[in-house]
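Subject: Structure handover

Hello,

Here is the structure you asked about. Please open it alongside this note.

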Amino acid sequence: MSQHLLSLLCGLPLLSAFVVLFAPRQMVGFIRGFTVLSMLGTFFLSLGLLDGHYATAAFQFPERHVLVPTYGITYSVGVDGISLWLVLLTTFMTPLATYASWTNVSTKVKEYAISFLLLESAMLGAFVALDLFLFYVFWELMLVPMVLIIGIWGGVQRIYAAVKFFLFTMVGSVLMLVAILYLVAQYKAQTGHYSFELAELKLLLLPVHVQVWLFAAFALAFAIKVPMFPLHTWLPDAHVQAPTGGSVILAAVLLKLGTYGFLRFAMPLFPSGSHRLGSSIALLAVIGIIYGAYCAWRQEDVKKLVAYSSVSHLGFVMLGIYSVSQHGISGAILQMVNHGISTGALFLLVGVIYERRHTRELGEFGGLAKVMPAYATIFVIVTMSSVGLPATNGFVGEFMILAGAFMSEHLGKNGPIFAFFAATGVILAAVYMLHAVLRMFWGPLTNPENEGLSDLTRREGLVLAPLVLLIFYIGLYPNGLLRDMNASVEAFSREYTAKLIAGDRNPDRRDMLEKAWVPSDGLGAGGAQLEQPAREVQLARAGVVARTLEGGTP
Amino acid sequence: MQIELGHFLALSATIFGIGAIGFLVRRNVLVQLMSIELMLNSVNLTFVAFNRYAPQNHLGQLFAFFVIAVAAAEAAVGLAIVLSFFRLRKTVHSDRADTLKN
Amino acid sequence: MNGDLDSKWLFAIVLFPLVGALVNGLFGRKAGRGAVHFVAVASVAMAFVIALVMFKKLIGLHAHSLGNSEEHAVLSFNAYEWFSLSNGGQTLSIPVKFVMDELSGVMTLVITGIGLLIHIYSTGYMSEEPSYARFFAYLNLFTASMLILVLGSSLPLMFVGWEGVGLCSYLLIGFWFENEAYAKAGRKAFVANRIGDFGVILGMFLLAVVCGSFEFADINRFAMEHAPALTSAVALGPKGTPFLVFPGITFATAATLFLFLGCTGKSAQLPLYVWLPDAMAGPTPVSALIHAATMVTSGIYLICRLSPVFALAPHTMAVIALTGAVTALLGATVGLVQNDIKKILAYSTVSQLGFMFAAVGCGAFAAGFMHVYTHAFFKACLFLGAGSVMHAVGAHGDADIRTLGGLRKYMPTTHWTFLVSCLAIAGFPGFSGFFSKDEILLGALSTGQLFSFAPWLGPTIFGMLFLGATMTAFYMFRLYFLTFCGEYRGGPHHDDHDDHGHGDEHAHHDPHESPAQMTVPLAILGFGAIAAGYVWVGIAHFEPWVKWLAPALAELKEEHGATAPFIAMGFGLTACFVGIFTAYAFYFKGSETPAKLQAAFPRLHSLLMDKWRVDELYEVTILGFSRFLAWFAAGFDKYVVDGLITEVTSQLVMVCSFITTRFQNGLIHSYGAIMAAGTLALTFYVVAPHPRPSMADPEGLKVKFDAEHGLAYTYRWDFDGDGKFDTEWSEDAAAQHQYADAELKRGVVAVFEGAAYGRSAELSELKPGERLHVSKRDLGPAWQVDAKDDSLPSIVADATGVLIQPNGARVMLGTTLQPGNVKMHLALGEHATIGDARLSVTGVVHPRLSVRNAFGQEGARSFDLVLPKVESRIVAAVAGVPGVAP
Amino acid sequence: MTTAGSVLFLICAAFALLAALGTVLVHSPIRAAMCLLAHIVALSGLFLLLHAHLLAMLQVLVYAGAVVVLFIFVIMLIGPQAAEPPVLRGMVVKTGSAAIMLLFTAMLAFSLMPAHRDAPELIPCTATEGAECQQFGGVSAFAQSLFMDDLVPFELISVLLTVAVVGAMAVARGRTVEETESIRRKRTAEADTLAATTAREKALAAEVSAHGGH
């Protein structure tokens, strides 16, 4: 069973979706119960992943079947330290989000359940896929249920938001598809056969300018998903319009696929290209941190505020990734999980008040702490986690990211400057989050509509309690998570740097990069190891040479 | 002057062109249908001409045969449509066949 | 509890209040008041008792270490590793580790001791409060955070407490959250603290980069042992080749300035002090806790903790001293005219903190810290006394001293303790404040070599502090005389203070003494205000204190003359007596002078009344600008970013669709016309002549050519590229030619291989004497044998091939490596490898194909043919990366 | 090709071209149909030249006998309105497309003109063979190809023709009164539904704008 664990994980929600598909639509109770139970089942199944051997960077629970031999398309999946916690985050957040929207979705319950199950399956697939074709399929599969969730169960302007979300994501992913196909064609040209497998494609060595373009195509797709400034404008709309469950999944998991994509695909495949654009991406990340925070401050709609805070927080994640230092990346992964938990919790909390008042305008609230003390307490705790207060989860991630950026050798002199400006985001986070808390909870209870509000119900408490516990668990003992990441992150960072040295011949940069790379196994510095390429292809026809010499256009 | 394959082809091309021009320029649906017949005929000529220069089998002629059959069917249906159109619009002017517009 | 506890119990000091907070927070709402305050008080009491025991142990260790060596006496307990920063084999571990040494020991005692008294006091003061449990939960959490702050062994762990007290101040200041102003004051405190925290984070990183550790002990040791590393200019990046250099700013200066920014936030110094006066919004015991025992002292604590680092940064010290002195004056001037008890006390705290910072800035760490210690007693006593007064007269939060008076009669305990504390803060001889203030003045007087770059600084600061001390004595006694002497003036009239539970029944009564829970702590603290100094002080000097702290603090050689202590003491006494006497003359005797002065300088008075209008200044500058930025960003996002990305794109699509829908007009003939145009274009392309040559594998010098067929095409070839066609027009597309040597020209093919390039070949035809230009980039990093000579190899064509002069480059001819500087010749068909680049000498011809169509149009194209062919290879993989499983 | 053949080609080609031009150019459709007839006959002459004897006969039978007759029936059915008065509208498009097609025709004709192939000699029929003659393009040889090699397409053609006949009848038949009435009712119902939907959407839009774009 354990060798098929990942397939089971991806398959169980899909299977449940089929079961729900054939359930009579009147049996609402059964559909809801079955959906949540199967998601919980997936979660408990996913706990089996913790058994993996994460002390090495190798993929755990690997599974590989050739699907289309002619084109080298495989079903190949596996988890390592980078994806492990994101998979667990997905299986953890999905049942919570679904359970939280237990009552507020009463129309088309069956379709809602199927959408969520499909979504979970696709997200899990995207996190574990090690084949670009497979990844792309899951990546696009994810889009459909989410668009439906926004477009069918969303707010007043749901169609606008859904279409915007769809178009934004599509633009990026289509370019990514082009880049994937180019990459595979290049692989064919160099080795004589096709392959979509990540491990194979990683071995390709491409000219720097080609890498830059391919990386840009990948990065665009991922940057839209993250979302990075200035491609973030779909997010506030999508969040505001999406139903609570959709918002939670969107914030907690979907956005992570963007940052995860950078780590898993864009950077290992095109290290030199990534390095060329690295500083610009980090700069955009820093702009995103500050800009998102300022935008959040002015929002009147709580969901919009939280959405902009996501832009800010994911700016931190991107900065951590692009510091390419081990702790920066570990921090970024941790921060992905943290953001999933705290922002997920925030959206759940906003959903709670929305269900009672059917509004999210800050101006409508005030003094809620008086009538909903438990709600206020949890909100403040989650806020503090979002603000990055030490002893909550937010701090460790931000601290590691800032330290990573500050000491990054890849960002060069920009590192400390970026860290400086990113750290101002810490101040701004306090400003906008406390602004929201102040306007929602403190002050006199002026709006008579708020007087009779009931505090958290048992179901809501049940959903929020594990999140609060996790906030403190990660805050106090982050090593529980970091331990399993270390080996993979270290390998990632080492591989990236090593390929950069081999790839980037600029002698000025080499001096700097060599420091970060510990040569071993007879791989000397510089390009000496390239004397004996692993694979050689002789081109038989002289004519081909003639064409190449002419620049490819005889 | 020796008559060659090229002459048949050129003739066929010219007839095709005349048919095409007729189809494009004339607005009488009936004449447009006849223009189509012209073009079909020109193609037939090409088939038959090529077949004459490769007479191992009858492929060209067979194809021309089928084209004639199709042309007959087409004429039948086309004319039925013309009739129906005329009943609808009381005209055979093709510019009036614009119900799809907008 | 025996006297021999394991240092594991350090953790318990923190844990007890934390658990207390947790229990009260989770279950307090349902539990009774008795249970709540039992848990709260007991947890702090336990912490205090354990702290006492540990401190006793520490004293033993201290005595022992003094006898033996210079070793630092510490108790430490490592709970577990929190997290670690590791990169490239280096690991910066951040453990949850608690350390008690001389410095943190004293702090722990102050926090738990005074904290305990405040807890007990609160059981009385807050007895009517509905959110009793919440209050005590916050109070316990506050104590716990402060304990983490002082006991934490490393900067990040300290930062937990550092932000924890920020959070607790936010929660406690905004305790009565239904009053929006209070809630806003809480937020202001948190945000101001956060600005400081920003500095702490960056300072922390800078120190970690240089010292390679976050641990205080390691940093301090590094500062003492490797001072030059810290006093070198800030240069970030790899050693030897830094990429960010700030000449003139040393690491120590930069790091300490950042840390000091944190201190100004936490300890209410310019420019971030503005939150502290507003923090009066919280319940009075909270004010006492914030001002006396916790929170505000943490800035001084941090500086003392890292004193070896600060000692290396004289410029920072100057900034600290000056900031402290200016803040001391600012606080004091505002305190002169305020009428609200708590406001006066608040500004006195700002001012006193200024004194402490001035002291540590002048290098008198021990003196500054001494003031922290003594100030804790008398300021706690003053605040609790003020609370007692307000409790007595039924005021809440804003008791105006002009409406009080004569309380001496009604509440003797409060009066006596208040008087004692006033004397202490004024620096009356024999009281605790006297000793510490004296030492501060002495410190300012004897800065020694510290400010050698600005010798005027020491005396200036001394002058400012003297002025500040005089004013302190004045306004404190103004407060005392107006409140306790003379006749009771009726008390404040409060009709609506429903947010504070206990006032109503007292509102219209005569003032009365407070219950025992409140007076007993007052008495203890009053006693402390007198006696606290004596514990550590010898005759007229505080030698024991300095000795005690010596292992934990940096030593700055303070050279002062024998007379300096007496000068300092003289000025201190003068300040005290002048201040007290003036206050006595003005307010006890009921002089008209204050009113006259007020009338004489109305604008100055209102400026002081409005606290120098600093809040207003911030409001219009920084806050206004920030709000503007937020407003701008939100608008920019909505209209510009979203507008550009979505609106412009969608409009573009609309325009395109408008254009294309014009074609779909539903008219058959327009479709026909378009189709005709398309057909024409296609035909034109098909009919036009396209020469597309191709060739088969050459057999030696014999090559078979072929061309792509087209409609009615005829072909002719020019095989040797001499401009004359070698064949006639022919309908046959194929042709072949046997080349003669004479027809071939010489060419050089350079193939630049390597990871970054994949492969790119470049054909250069060189006439004899011409040179092939290559760059370092083309040759890759492996081109040189001898790194000293970086002139590029020269590759020059001659009549029979190319001549290579390596100039030290690594050249492989065939498979043999050629010696560094021997010229070599490549003939036709030979190849060599220079660095990573391959070089072949080949024959080149440019055959030409011409195609004609039925209209007689001609198209021609020449192409390159390399003979004999060059083998090319493509690098498909780097030879594995070590340790990475593919 | 013999000289006689060449002369025949020239005559037939000229007829075919002229008739084609006539078909396209004459105003009256009935005259156009007559020109088409002439064209078809000329073409069958060319077929004879190319040894497609059976096809030449079929051409005359099917085209002249069926298609052209059908055209004439329809023209008669429609009556005088079959000759539309000439309209000047769309002259630009007409001229443009005519010019384009002219260019296209010229280009194609000129580049095809030089095409050359040797015509293989064909075995002529002997006098005794008669109908059994296996000559290329003759009935016997052609029928063998058609019914042995291409039987399936041939049978498919019959299906096509059946479909065409049925379709033509269905299209040309027109509607009964009841059918017209039922269609009218259906249309009214659809219009009502559409109006209701539009109203609902308008209400939604109003709601959206009332929320001020949040």
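This is a predicted model: local features need pLDDT of at least 70, side-chain atom pairs count only at pLDDT 80 or more; totals for chains, interfaces and linings use all residues.

Residues are numbered from 1 along each chain as its sequence is written, chains are lettered from A and ligands numbered from 1 in the order written, and side-chain values use heavy atoms, leaving out hydrogens and water.

Chain B

Chain B has 3 helices and 0 strands (DSSP runs: helices are H or I of at least four residues, strands E of at least two, numbered from the N terminus). Its C-alpha atoms fill a box of roughly 50 × 25 × 25 Å along the principal axes. Of the 102 residues in chain B, 67% are buried (under 20% relative accessible area, 1.4 Å probe, protein chains only). Among contacts (heavy atoms within 4.5 Å) between residues at least 6 apart in sequence, 54% join residues at least 24 apart.

The sheet in chain C

Three strands of chain C form an open, antiparallel sheet, ordered β7-β19-β20. Strands count as paired if DSSP finds at least two bridges between them. β7 (714–718) and β20 (858–862) of chain C are the edges; each has a single partner strand, so one side of each lacks a neighbour in the sheet. β7(C) pairs with β19 (residues 848–852) of chain C over 5 bridges, in the antiparallel sense. Asp718(C) stands opposite Arg848(C) in β19(C).

Best wishes

Notes
Buried means under 20% relative accessible area, exposed over 50%, partly exposed in between (1.4 Å probe, protein chains only).
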